[in-house]
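Hi,

Here is the structure I promised to pass on. Have a look at it first, and my notes follow below.

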Amino acid sequence: MGPPRRKVLATAEETLFPPDELAQGQQIGRVIKATGNNVYLVEFPSKARALVELPARFRSTIWIKRGSYVVVDTSALEDRDNKLGGEIINIVRDEKAWRKAPFWPKEFVKQPTAVESSDEEDESNVGKMPSSDESDA
């Protein structure tokens with residue numbers, strides 16, 4: 001049985017708006033991949049990578065996709081002797097609002113989604129059915 005609905009809604013609302021500022025030891029990172037057991041590989045603006053843990057309050061409540069952004073507390077797990085480099089303390093859900101925050105890293109520039117088509121792509125036969133004019137004889 002899952003968590004109560006009020007708890008799920010409270011957690012979801014908590015992650016919707018960015019904080020006024022990030023505390024010492026907190027960084028925004030981009031999720032590269034889920035490695036399993038609520039552990040994610042995250043890339044920071046400095047191009048450094050670290051394994052981070054998803055705390056229990058977010059598990060089975062908010063799903064994290066590759067390429068999404070999270071706030072990581074890198075000082076949270078210093079006392080533990082393991083490979084984890086931090087703990088996810090917030091998940092960026094409204095990316096547009098978060099990008100307006102003064103602490104948003106300049107390295108995480110929004111990528112354009114429009115794809116320009118060229119003449120070479122139009123003439124490619126990859127993924128197309130052969131024309132009826134061609135014969136295999």
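In which loop is Glu-107 found? Glu-107 sits in the loop between α2 (95-99) and α3 (119-122); helices here are DSSP runs of H or I with at least four residues, strands are runs of E with at least two, and both are numbered from the N terminus.

Before the rest, some ground rules. This is a predicted model, where local features need pLDDT of at least 70 and side-chain atom pairs count only at pLDDT 80 or more, while totals for chains, interfaces and linings use all residues. Residues are numbered from 1 along each chain as its sequence is written, and side-chain values use heavy atoms, with hydrogens and water left out.

Back to Glu-107: with a relative accessibility of 48% this residue is partly exposed (buried is under 20% relative accessible area, exposed is over 50%, partly exposed is in between, with a 1.4 Å probe and protein chains only). Glu-107 is 60 residues from Lys-47 in sequence, yet their C-alpha atoms are 9.2 Å apart in space.

Now the overall fold. The chain has three helices and five strands, in the order α-β-β-β-β-β-α-α along the sequence. The five strands form a closed barrel, β1-β2-β3-β5-β4, with mixed pairing (two strands pair if DSSP finds at least two bridges between them). Glu-43 is opposite Arg-49 of β3.

Thr-15 is worth a click. This threonine lies in the loop between α1 (5-14) and β1 (26-36), and counts as buried because its relative accessible area is 0%. One of its side-chain polar atoms is 3.0 Å from the backbone oxygen of Ala-12. The Thr-15 side chain also makes a polar contact of 3.4 Å with that of Arg-93 (a pair of N or O atoms within 3.5 Å; within protein, one must be able to donate a hydrogen and the other to accept it, and residues adjacent in sequence count only if both atoms are side-chain atoms). Leaving out neighbours within four places in sequence, the contacts of Thr-15 include Phe-58, Ile-62 and Trp-98 (contact means heavy atoms within 4.5 Å).

Then there is Thr-61, in the loop between β3 and β4 (69-73). Thr-61 is buried too, at 17% relative accessible area, and touches Pro-3, Val-8 and Thr-11, not counting residues up to four places away in sequence.

For the whole chain, 31% of the 137 residues count as buried.

Cheers
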